[in-house]
Amino acid sequence: MRIFSGIQPTGSLHIGNYFGAIRQWLDFQHNNECVFCVVDLHAITVPYDAKNLPNLVQEKAIVYLAAGLDPEKVIILVQSSIREHTELCWLLNTVTPLGELYRMTQYKEKSTKHKKEECAGLLNYPILMAADILLYDTEIVPVGEDQKQHVELARDIARRFNSKFGETFVLPKVKLPKEGARIMSLTEPTKKMSKSEADKKSSISLFDSPEEIRKKIKSAVTDTYKTIKYDKNKRPGVSNLLTIYAILSDRSIKEVEKEMKEKSYKVFKEELAELLVEKLEPFRRKREELLSREVYVREILKQGENRARIIAEAKIAEVRKKMGLY
Ligand code: AMP
Ligand code: TRP
């Protein structure tokens, strides 16, 4: 099957990105045709630093490799290296009803946050995402829960295009992980863990030092109950920590809950912090190693670009023809 997913280059990747997206990608890479993208064109829809963007893109490519994506098996791609993404975005603009864009949750949140600098690109963001997905005849899109609505819109756009111009696009399906589709903030556990959150204590970056991890887990918001119990609605803080522990130790939440039942919050948090330190250590090591291999990383991106271009050019030619363009 063809798999496509992407992550924006801005901000530091956290365990939510890993559990929601990248961990799923690792499973898919063995038996499928995968394209994993650093979506720089999406990142420019909010204020950003143009000088630093290339560094952030390179850094995210390193993260993909450090997490265990195998460039021999998957295409690792920078979105802006293939012009067809922007071209298809424009074409799909013409079959997307405006009302659909205004009702997107992420648009509502981001347009409130960036009220003064809001640009049209922020509203059209999901169309570019649909273009990313549809350009490669994608069947499965592994993402976290917050992106589900966008993938469903991409599916609707594909359906609408097909009925207007004839069978052209595969209808993509969203794939969420069983656990970890929505990891919550450590400081405000009713909000999702987010790269753009200013308070660094709210998230665990994949490359935090052991000291930072211990400090952040220690100060994570929980509650005043005595026992450790999973209850997402009434006890979001501890439920989030139990979820993180369960994923990292490859066990069910029920099992972890049972094991931790008699323990104090202090001991539970210490054990969780040590588990995180242990599990994130290989990322840190691999990243250090790749930071000094800039040419190798660039080469992988170039290779990804060349492989992706063959698929993208063929698809856009088909779309142009169906739409009656010159
Ligand atoms: P972004 O950080 O918006 O570029 O998101 C990259 C990927 O990580 C997408 O698939 C998101 O759905 C996923 N993701 C982001 N935040 C979380 C979170 N708190 N929990 C689970 N998945 C997440
Ligand atoms: N919008 C996604 C996010 O913020 C990133 C993204 C862009 C994406 N294009 C995509 C994800 C295509 C999956 C498929 O997380």
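## Domain arrangement

The centres of domain 1 and domain 2, taken over C-alpha atoms, lie 30 Å apart in this predicted model, where domain 1 comprises 2–175 + 294–323 and domain 2 comprises 200–288, with bounds that come from an automatic or database domain assignment. The contact between them, counted as heavy atoms within 4.5 Å, takes 12 residues from domain 1 and 13 residues from domain 2.

This is a predicted model, in which local features need pLDDT of at least 70 and side-chain atom pairs count only at pLDDT 80 or more, while totals for chains, interfaces and linings use all residues. Residues are numbered from 1 along each chain as its sequence is written, chains are lettered from A and ligands numbered from 1 in the order in which they are written, and side-chain values use heavy atoms, with hydrogens and water left out.

## The interface between the domains

The size of an interface is often given as the accessible area lost when the parts come together. Domain 1 and domain 2 bury about 1100 Å² between them, with 77% of it on carbon and sulfur atoms; buried area here is the accessible area (1.4 Å probe) that two parts lose on being put together, summed over both. Of the area that domain 1 buries against domain 2, 44% is supplied by Ile15, Phe19 and Ala66, which is more than any other three residues supply.

Across this interface the rule finds zero salt bridges, a salt bridge being a side-chain nitrogen of Lys or Arg within 4 Å of a carboxyl oxygen of Asp or Glu. On the side of domain 1 that touches domain 2, the elements giving two or more residues are helix 1 (15–28) and helix 3 (53–67), and the largest share, five residues, comes from helix 3. Helices (H or I, at least four residues) and strands (E, at least two) are DSSP runs, numbered from the N terminus. By class, this side of domain 1 has nine nonpolar, two polar and one charged residues, with Ala, Val, Leu, Ile, Met, Phe, Trp, Tyr, Cys and Pro counted as nonpolar, Asp, Glu, Lys and Arg as charged, and the others, Gly among them, as polar.

## Buried loop residues

Histidine 14 is found in the loop between strand 1 (2–7) and helix 1, and it is buried, with a relative accessible area of 4%; buried means under 20% relative accessible area, exposed over 50%, and partly exposed in between (1.4 Å probe, protein chains only). The side chain of histidine 14 reaches the backbone nitrogen of glycine 16 at 2.9 Å, and, leaving aside neighbours within four places in sequence, histidine 14 is in contact with Met193, Ser194, Lys195, Ser203, Ile204, Ser205 and Leu206.

Glutamine 29, in the loop between helix 1 and strand 2 (33–38), is likewise buried, at a relative accessible area of 4%. Beyond four places in sequence, the contacts of glutamine 29 are Cys34, Gly68, Leu69, Asp70, Lys73 and Val74. Two of these contacts, aspartate 70 and lysine 73, form a salt bridge with each other, their closest N and O atoms being 4.0 Å apart.

## Positive phi values

Most residues other than glycine have a negative phi, and most peptide bonds are trans. Aspartate 137, in the loop between helix 7 (120–135) and strand 4 (140–142), has a positive phi near 50° and is partly exposed, with a relative accessible area of 26%. Aspartate 250, in the loop between helix 10 (236–248) and helix 11 (253–260), has a positive phi of about 60° and is exposed, at a relative accessible area of 68%.

## Salt bridges

The structure holds 27 salt bridges. One of them joins the side chains of glutamate 33 and arginine 2 (2.6 Å, N to O), linking strand 2 to strand 1 across 31 residues of the chain; arginine 2 counts as buried at 14% relative accessibility. Glutamate 274 and arginine 214 also meet in a salt bridge (2.7 Å, N to O), with glutamate 274 in helix 12 (residues 265–291) and arginine 214 in helix 9 (residues 210–218), 60 residues apart. Asp137, Lys315, Glu318 and Lys322 are linked in a network of salt bridges.

Definitions and conventions
A polar contact is a pair of N or O atoms within 3.5 Å; within protein, one must be able to donate a hydrogen and the other to accept it, and residues adjacent in sequence count only if both atoms are side-chain atoms.
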